[in-house]
Amino acid sequence: MDPELMLLVAQSRIALTELVEASGLTRAELIELVEYGAFAPQGAAPEQWTFPADALVQARAAARLRADFELEPASLALLLAYRDRIVELEALVRELECQLLR
Amino acid sequence: MKYKDYYAILGVARDAAEADIKKAYRKLARKYHPDVSKEPGAEERFKDVGEAYETLRDKEKRAAYDALGRHRPGQDFRPPPDWAQHFGAGGAEDLGGIDLSDLFASLGGGFGRARGFRGRDMRIPGEDFEVTVHLGLSEAARGTEVALELAMREMTSDGRIVRTPRTVRARIPKGVTDGEKLRLPGKGGPGANGGPSGDLYLNIALHPHPLFRPSGHDLYLEVPVTPWEAALGAQIEIPTLEGRLSLKIPAGSKAGQKLRVAGKGLPRPHGGAGDLYAVLGIQVPGTLSAREKELFEQLRAASGFDPRGHFAG
């Protein structure tokens with residue numbers, strides 16, 4: 001695959017610095033969101049943290065929602081949990097629709 | 001330059017208090033925010049709402065906007081002669097080709113999430129772009145290249161912001177699927193004063209296919225079979241993305257039953273492929289010939305099969 005191109009899927013990993021740079025969230029905001037459970041990195045400390053690459057999609061949405069609704073991190077974490085659930089349910093609905101006879 | 005009525009976009013009076021502007025913005029943001037709304041055209045509408053709020057929430061920008069005077073939305077207009085000097089938009093005397101939002105972005109004070117230009121001396125990152133790319137299933141399976149026309153913000157040597165059309169080519173790797181996103185670092189808008197270029201994000205959307213329905217990298221294919229094929233079993237031919245293959249229908253198959261054909265779905269980017277699921281649908285002839293009718297009647301008389309036996313008692 002083109003090294004200049006990243007497919008934002010769970011199988012690829014990105015570091016905290018990259019997530020900060022690309023998402024528009026600050027390092028402190030991301031660390032707080034991790035504390036609230038909105039993101040679940042692998043690694044013991046922020047310097048070693050890696051995130052699934054699709055966390056960038058969620059983090060960019062978080063940056064937009066934070067800015068556009070002036071949300072503080074705890075509310076943002078709650079909203080992201082609901083958003084995650086909606087994404088999962090939409091994927092399930094799509095899969096079930098595929099299995100229906102027309 | 002085309003006029004936009006920011007007050008009308010937010011649905012507030014021109015003398016609205018800051019709190020009312022904020023409240024109106026929040027109501028509209030709740031309705032049209034692209035991360036929340038499913039309404040068609042919500043994203044475009046939210047851009048206008050966000051642009052209006054970014055300007056009217058800031059006292060200086062609001063004063064500068066008010067000083068432009070009142071015009072009809074979409075009307076071509078020019079700011080008053082001393083407007084640019086008065087509001088710190090130096091170098092903005094010739095405003096013919098620029099967008100109202102870019103004009104206010106050049107006044108400083110930030111431009112929301114667009115990561116726009118904020119001044120003349122600091123390193124300013126370029127704008128990120130997010131574009132939906134529509135692909136056919138075959139294109140997604142084998143990979144393709146797309147050319148995207150993007151209107152990129154650029155700062156001129158005299159500090160003005162202009163939109164310049166640019167063509168960006170992006171190679172889509174094989175194996176992307178519906179709803180996936182790609183990031184192309186540095187392929188967004190150019191930075192200013194040595195700032196890095198923005199990124200380009202591609203949202204993959206697959207065109208509906210007349211036969212195959214994708215779910216992740218798996219494909220679903222509705223396969224109609226006759227009642228006797230379902231009852232007796234059969235060897236039939238089905239299409240795949242790579243040509244036809246032979247599929248064994250087991251005796252005693254039911255409508256809605258899924259038969260998995262391993263590895264015949266969409267390829268995965270890092271190797272392997274999803275599966276193809278044949279979903280069986282049992283079809284009966286719309287009109288029976290005399291002979292068919294006779295045979296079905298014989299079957300009815302001979303068969304003890306009761307699919308509704310579990311309703312009894």
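Biologist: Against which elements do the buried residues of H1(A) pack?

Modeller: This is a predicted model, in which local features need pLDDT of at least 70 and side-chain atom pairs count only at pLDDT 80 or more, while totals for chains, interfaces and linings use all residues. Residues are numbered from 1 along each chain as its sequence is written, and chains are lettered from A and ligands numbered from 1 in the order in which they are written. Helices (H or I, at least four residues) and strands (E, at least two) are DSSP runs, numbered from the N terminus. In chain A, the buried residues of H1(A) pack against strand E2 (13–15), helix H2 (27–35), strand E3 (50–52) and helix H3 (55–69), together with strand E4 (181–184) of chain B.

Biologist: Which residues of helix H1 of chain A are buried?

Modeller: A residue is buried if 20 or more other C-beta atoms, placed from the backbone, lie within 10 Å of its own, exposed if 12 or fewer, and partly exposed in between. In H1 (residues 16–23), the buried ones are Leu16(A), Leu19(A), Ala22(A) and Ser23(A). Seen down the helix axis, they fall within an arc of 140 degrees, so they line one face of H1(A); the arc is that of the directions from the helix axis to the C-beta atoms.

Biologist: With which residues is Arg57(B) in contact, leaving aside its neighbours within four places in sequence?

Modeller: Two residues are in contact if their C-beta atoms, placed from the backbone, lie within 7 Å. With those neighbours left aside, Arg57(B) touches Ile21(B) and Lys22(B) in this sense, and Arg57(B) is partly exposed, with 15 other C-beta atoms within 10 Å. Arg57(B) lies in the loop between helix H3 (42–56) and helix H4 (59–66) of chain B.
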